[in-house]
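Hi,

Here is the structure I promised to pass on.

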Amino acid sequence: MKIYTKTGDAGTTSLAFGQRVGKDDLRVEAYGTVDELSAFIAYFRDNMDPVRTFLDEYRDDLGVILNTLMTVQALLASGGSSQSKVEDISEDEISYLEKRIDYISEQLTPLTRFTIPGGHPLVSLAHICRTVCRRAERESVRAAGSYEISANSLAYLNRLSDYLYQLGRKMADELSVREEFWEPEYKA
């Protein structure tokens, strides 16, 4: 089987059940952005040095997340079809992220100001993933305005961006990186 089909040369693609749509369709934009997020999360995970064993649990988290993101993509690609054989994102998958956010949050100093990303490549990668996740969520919400989109997928993306934010903070803490805080200059 060849990897290229030439069926998309005119700017269309197929959703999961064969419906042809433009490559700029809101659902395609949404699942394409989730795909981009998955690639960034994989890159983030691949850059976690296996010698640093404190990263093992976060590397494991990201593996679970990558699998769930494939489900989110499949749900978006099904176009709201009742033919979808993919199970919806479960409350347990959302709860998993909430528990992990709470676990990380308990170990960090509570925030009183906005943080500025950076200080170490892993911290920056966490924030890149967070911002791509926020875009994936916005694209999915936009698609949900016109098509039936899983509400649990939207909730999952929302929770995932919170997880990635806290993970970035945890990376800074574990790697002894001083968090930078936004100091706004106010006009008099």
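A quick definition to start: helices are DSSP runs of H or I with at least four residues, numbered from the N terminus, and the expected span of a helix is 1.5 Å times one less than its number of residues. Bear in mind that this is a predicted model, where local features need pLDDT of at least 70, side-chain atom pairs count only at pLDDT 80 or more, and totals for chains, interfaces and linings use all residues. Residues are numbered from 1 along each chain as its sequence is written, and side-chain values use heavy atoms, with hydrogens and water left out.

Helix α1 covers residues 26-46, 21 residues in total. From first C-alpha to last it reaches 30 Å, close to the 30 Å expected. Its buried residues (under 20% relative accessible area, 1.4 Å probe, protein chains only) include Tyr 31, Val 34 and Ser 38.

Those three turn up again with Gln 73, which sits in helix α2 (residues 56-77). Gln 73 counts as buried because its relative accessibility is 11%. Leaving aside neighbours within four places in sequence, Gln 73 is in contact (heavy atoms within 4.5 Å) with Tyr 31, Val 34, Asp 35 and Ser 38.

Then there's the pair α3 (residues 91-106) and α5 (residues 151-174): their axes, lines fitted to C-alpha atoms over the stretch in contact, with angles from 0 to 180 degrees between N-to-C directions, come within 9 Å and cross at roughly 20 degrees. That makes α3 roughly parallel to α5, the term for angles under 35 degrees. Among the residues making the contact are Ile 94 and Leu 97 of α3 and Tyr 156 and Leu 160 of α5.

Cheers

Definitions and conventions:
Helix = DSSP H or I, 4+ residues; strand = E, 2+ residues; numbered from the N terminus. Buried < 20%, exposed > 50% of the residue type's maximum accessible area, 1.4 Å probe, protein only. Parallel < 35°, antiparallel > 145°, perpendicular 65-115°, else oblique.
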